[in-house]
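Here is my note on this model, point by point. Please keep the structure open while you read.

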Amino acid sequence: MNAIKIEILGTGCKKCQQLETNAKEAVANLNLTAEVSHITDPIEIAKRGVMSTPAMTINGKIASKGQVISVEQIQPLLQR
């Protein structure tokens, strides 16, 4: 199975860091293989169509934006 690609989009503030932590915890809870990266460049974030951070993409699709979603909210998104 291919690794899931998760991108956290945001400037690196506490909310962005919390979203990254939540995503990593959700991956670990589900025993999945995932590559988690953090995009901080505003131009790269805008290229992905995101104007409100923190945001998260899963395999290139926007999964959340403008909020920190919980581990419990992320887990079902990873199982699709």
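1. Contact, as used here, means heavy atoms within 4.5 Å. By that rule glutamine 75 touches Ala26, Asn29 and Leu30, leaving aside residues up to four places away in sequence. Glutamine 75 sits in helix α3.

2. Some ground rules. This is a predicted model, in which local features need pLDDT of at least 70 and side-chain atom pairs count only at pLDDT 80 or more, while totals for chains, interfaces and linings use all residues. Residues are numbered from 1 along each chain as its sequence is written, and side-chain values use heavy atoms, with hydrogens and water left out. Helices (H or I, at least four residues) and strands (E, at least two) are DSSP runs, numbered from the N terminus.

3. Is glutamine 75 buried or exposed? Glutamine 75 is buried, at 19% relative accessible area. The classes are: buried under 20%, exposed over 50%, partly exposed in between (1.4 Å probe, protein chains only).

4. Next, the cysteines. A disulfide is a covalent bond between the sulfur atoms of two cysteines. The test applied is a pair of cysteine sulfur atoms within 2.5 Å. The structure holds zero disulfides. Cysteine 13 is in none, and its nearest cysteine sulfur, in cysteine 16, is 3.4 Å away. Cysteine 13 is partly exposed, at 32% relative accessible area, whereas cysteine 16 is buried at 0%.

5. Last, the largest pocket. Its space is about 200 Å³. A pocket is an open set of points on a 1 Å grid over the protein atoms alone, where a 1.4 Å probe fits, with protein on both sides within 12 Å along at least five of seven lines; lining residues have an atom within 4 Å of a point. Grid points are joined across faces, edges and corners, and the volume is the space filled by probe spheres set on the points.

6. Which elements supply at least two lining residues each? They are β4 (61-65) and α3 (71-78). The largest share, three residues, comes from β4. The lining includes Ile4, Lys61, Leu77 and Arg80.
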